[in-house]
Amino acid sequence: VYRGGKRIDCGDLHAGLADLREHDDGFLWVGLKDPTADEFEHFARELELHPLAVEDAIVAHQRPKLERYNETLFVVLRPATYDDATETVKFGEIHAFIGPDFVLTVRHTAQPVLTPVRSRFENNPDLLARGPQAVLYGLLDFIVDGYAPVAAGLENDIDEIETQVFESDPTVSRRIYELSQEVMELQRAVKPLQTMLRGLEAGAAKYGTDDEIITALRDVRDHVTSIVERNDNFRQSLSEILQLNAILVAQTQNEEMKRLAEVANNQADEVKRASSWAAILFAPTVVAGAYGMNFDRMPELHWAYGYPFALFLMVAVSFCMWLVFKRKNWL
């Protein structure tokens, strides 16, 4: 329980509620981590939470949103952390119920913990004295500030991907796809906050929100807008990098096909040369084979000029074939 900007340890929920009803000038702050349905039902019953909001808080896996149930705000936030070891973005989920005299946070994630938010408020009594709506501002500010290192990590990954693209790294296409998914997930976590913050500002007069809190929320909205714009730039950059990678891959494939075509042409030329010389050498072989059959009755077998004529015939046929192949550029 917090009263007058100071923390009062109450022990359990019943004692905290009894303290609030007795003094009526503070608020209760309850923090839960992955509660079971039975555990959460106990708090929901004591704090008179709306059944629909309770169902969403138990099930989790909700989109970022801001809903009002009577005098209670139900807020779903998607914090993000950047893991340097794996170069990936990890998303969590935090639900918050903001009532007139209580704050109930339900954390469905290991990181980030909300201890820094409590510490900030406990070290700033003036801010703490402004009540549950100040805690809502603190939660929003803490989670939005956490998006900055995530954006910085993504920007560094994009720079690395650009280097991989020009180095023709075969794994870069998969990394571009995975990084695009992370950027889209971050956009889904951040962009709804703009609507949520505008809604809080629009309802400030109706629900009596402190002017200082509204001013602080405007500052948070500026940070959200900055993250959204950076994220849009990331998506544009990744789209351009993907197109560039496709062009470079196509060029590489074309160069490889050109090289294979040149190799095939060279092989074809070699085959032509080998075939041409084989044909040239085959002609005298036919003549020599014909006169090497050793039959008794053969034309020109006993002719005095038979041997020179056979040699001349072999040379002449070979020369004619060489001339034909030469004109066809086969030799």
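Is Glu87 buried, partly exposed or exposed? At 31% relative accessibility, Glu87 counts as partly exposed; the classes are buried under 20% relative accessible area, exposed over 50%, and partly exposed in between (1.4 Å probe, protein chains only). The model is predicted: local features need pLDDT of at least 70, side-chain atom pairs count only at pLDDT 80 or more, and totals for chains, interfaces and linings use all residues. Residues are numbered from 1 along each chain as its sequence is written, and side-chain values use heavy atoms, with hydrogens and water left out.

Glu87 sits in the loop between strand 6 and strand 7 (88-91). Helices (H or I, at least four residues) and strands (E, at least two) are DSSP runs, numbered from the N terminus. Glu87 is not a glycine, yet its phi is positive, at about 55°. Asn70 also has a positive phi of about 55° without being a glycine. Asn70 belongs to the loop between strand 4 (65-69) and strand 5. With a relative accessible area of 69%, Asn70 is exposed.

Side chains of opposite charge can pair when their charged atoms come close. The structure holds 17 salt bridges, each defined as a side-chain nitrogen of Lys or Arg within 4 Å of a carboxyl oxygen of Asp or Glu. Lys33 pairs with Asp34, and their closest N and O atoms are 2.4 Å apart. Lys33 is partly exposed at 40% relative accessibility. Asp34 is partly exposed, also with a relative accessible area of 40%.

Other salt bridges span the chain. Glu185 bonds to Arg78, with the closest N and O atoms 3.2 Å apart. This pair links distant parts of the chain, 107 residues apart: Glu185 is in helix 7 (residues 172-202), and Arg78 is in the loop between strand 5 (72-77) and strand 6 (80-83). Glu185 is partly exposed, at 22%. Arg78 is buried, at 16%. Glu155 forms a salt bridge with Arg230, the closest N and O atoms being 2.9 Å apart. Here too distant parts of the chain are linked, with Glu155 in helix 6 (residues 132-166) and Arg230 in helix 9 (residues 211-290), 75 residues apart. Glu155 is partly exposed, with a relative accessible area of 38%. Arg230 is partly exposed at 26%. Salt bridges that share partners join Glu87, Asp157, Glu160 and Arg175 into one network.

A nonpolar core is a set of buried Ala, Val, Leu, Ile, Met, Phe, Trp, Tyr and Cys residues joined through side-chain atoms within 4.5 Å. The largest such core has 56 residues, and Leu140 and Tyr147 have the most contacts inside it. Helix 6 supplies the largest share of this core, 15 residues. Beyond neighbours within four places in sequence, Leu140 is in contact (heavy atoms within 4.5 Å) with Leu77, Leu193, Leu197, Leu200, Leu217 and Val220. Another core of 22 residues lies apart from it, and includes Leu20, Val54, Tyr69 and Val106.

Helix 10 (residues 306-327) contains Ser318. Ser318 is buried, at 14% relative accessibility. Leaving out residues up to four places away in sequence, Ser318 touches Ile280 and Pro284. Leu313 also lies in helix 10. Leu313 is partly exposed, with a relative accessible area of 31%.
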